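I opened this structure for the first time today. My notes follow in the order I looked things up.

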Amino acid sequence: MPIHAPNPDDPGAPVHEPVAAPPPTPAAVRGMLAGVIDPELHADIVELGMVDDIRVGDDGAVTVRVALTTAGCPLRSQIKRDVESKVRGLPGVTDVRVDYGEMNAEQKRAAMQRARWNARENAAPTEVPSTTRVLAIASGKGGVGKSSVTVNLAAALAARGFTVGVLDADIWGFSVPRMLGIEGRLGGTDGKITPHTIDVSIGADSPGGSLKVVSMGFLVDDEGTALMWRGLILTKALEQFLTDVRWGEMDYLLVDMPPGTGDIQMGLARMLPQAEMLVVTTPARAAQQVAARVADMARRSFMKVVGVVENMSELVLDDGSRHAVFGTGGGEALARQIGAPLVARIPIEPAVSTGGDDGKPVVVTAPDSPAGLAFRDLADAIATELLPPIEMSGCTARLLDLVGRTDA
């Protein structure tokens, strides 16, 4: 579904309005820019000294001046998109402009020294490549179908030809292994864990891709084993999933978050600053305020909210009739409240829950069903508009050459 401003004549159109709030401070903008990672130097643009200036107008218009390693840096368009995307996620922002400058010899030398130090000290805190788009699938409470959205969205992205990681970070309530039909303990070599991998395609025309899956469900005795862990241990488990798993190259990593706001959510924002969030809710208005707290936590952690998914939006019967079983308006209301687009409405279908129980996602078994099409449209929006994969053509070789010549 296209993402655009709401049509006043269509109350069901996707909603994307700026949050009604005072303009952000330059410090808040700088904090959000710490989530823009240079995919080759493996550090954020603030740490690398690439953020020259930040100006915030009284009307909420933000101008960011970025100092590039070279004026013709091939990654400038990628950096521009990431800067705009991150800053627009702040409440009170009405417009974003990116101006460019070029680093002087001293700035280039300092940036390269930081990159070399990172490499020497293994400063990259996780095994997740900096070129991987990270999307946290979150909800305010349980029972809204967050895991179902994660699994089906991951499968739909993989079917487009992407390599997609799925991290089941709902440590207490893991369900991804059952939903994907994967069993067996995780193995590994040389002190690193190897994810389970499955191939996904949808029909003869699908290029097909792969899913790399990690869950606590692969480490316990059985699905009924209770984990009685407290916050610090949960955060440590998440850290191990990110640092001890040999993820390898991935286009996307989808993280199935536990419901609510807590240690794992804060830990993810700290360990993967490039992560962005997709909030799942239901049409019931009662779920709106609970979900809004998740979006607020994300923004306080300088994590952009990519959009809202309204799950179980309506029951679709075989005759094509639609029935609002759980009410209406929750997704639109949440989108307005947090200033993020409503990116999908997923209908209720028996095949969704059946597929979850049988380990066969509906987007694969019934791709042309109402729910299957909704998940595929969501994957299209993620890949083309909301969080497109990073196109690598870098500046590091030029920077190394320039630094080498200035050092000579």
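I began just after helix H8, where phenylalanine 302 has a positive phi of about 60°. The model is a predicted one, and I keep that in mind throughout.

**Helix H8.** I then listed the buried residues of H8. Among them are Ala287, Gln288, Val290 and Ala291. Met297, Ala298 and Arg299 are on that list too.

**Helix H9.** I moved on to H9, which spans residues 330–338. How many of its nine residues are buried? I found seven, so I noted H9 as mostly covered. They are Gly330, Gly331, Glu332, Ala333, Leu334, Ala335 and Ile338. Next I asked what covers them. The cover includes helix H8 (286–300) and the strands E13 (276–281), E14 (305–316) and E16 (342–348). After H9 comes glycine 339, and I read a positive phi there as well, near 70°.

**A three-stranded sheet.** I traced an open sheet in the order E3-E4-E5, and its pairing is mixed. Strand E3 (51–56) and strand E5 (95–102) are the edge strands, each with a single partner, so one side of each has no neighbour in the sheet. From one strand to the next, I get an average twist of 15°. Strand E4 covers residues 61–68 and runs parallel to E5, joined to it by eight bridges.

I counted 33 lining residues. Nearest the centre lie Arg81, Ser85, Lys304, Glu385 and Leu386. Which element gives the largest share of the lining? H2 does, with seven residues. At least two lining residues each come from H2, strand E6 (133–139), E14 and helix H12 (370–386). I also sorted the lining by class: twelve residues are nonpolar, eleven polar and ten charged.

**Strand E7.** Then I checked E7, residues 163–168. Five of its six residues are buried, so the rest of the structure largely encloses this strand. I looked for its partners. Strand E11 (residues 209–215) pairs with E7 in the parallel sense, over six bridges. Within that pairing, valine 166 has valine 213 as its bridge partner. Strand E12 (residues 252–256) also runs parallel to E7, with five bridges between them. There I found glycine 165 opposite leucine 253.

**Threonine 194.** My last stop was threonine 194, in strand E9 (residues 192–194). Its relative accessible area is 37%, so I wrote it down as partly exposed. Leaving out residues up to four places away in sequence, I listed what threonine 194 touches: Leu186, Gly187, Gly188, Thr189 and Arg246. I also checked threonine 194 against glycine 248, which is 54 residues away along the chain. Their C-alpha atoms are 9.5 Å apart.

Key. Residues are numbered from 1 along each chain as its sequence is written. This is a predicted model: local features need pLDDT of at least 70, side-chain atom pairs count only at pLDDT 80 or more; totals for chains, interfaces and linings use all residues. Side-chain values use heavy atoms; hydrogens and water are left out. Buried means under 20% relative accessible area, exposed over 50%, partly exposed in between (1.4 Å probe, protein chains only). Helices (H or I, at least four residues) and strands (E, at least two) are DSSP runs, numbered from the N terminus. Contact means heavy atoms within 4.5 Å. Two strands pair if DSSP finds at least two bridges between them. Axes are lines fitted to C-alpha atoms, for helices over the stretch in contact, and angles run from 0 to 180 degrees between N-to-C directions. On a 1 Å grid over the protein atoms alone, a cavity is a set of points where a 1.4 Å probe fits but cannot get out, and a pocket is an open set with protein on both sides within 12 Å along at least five of seven lines; lining residues have an atom within 4 Å of a point. Ala, Val, Leu, Ile, Met, Phe, Trp, Tyr, Cys and Pro count as nonpolar, Asp, Glu, Lys and Arg as charged, and the others, Gly among them, as polar.
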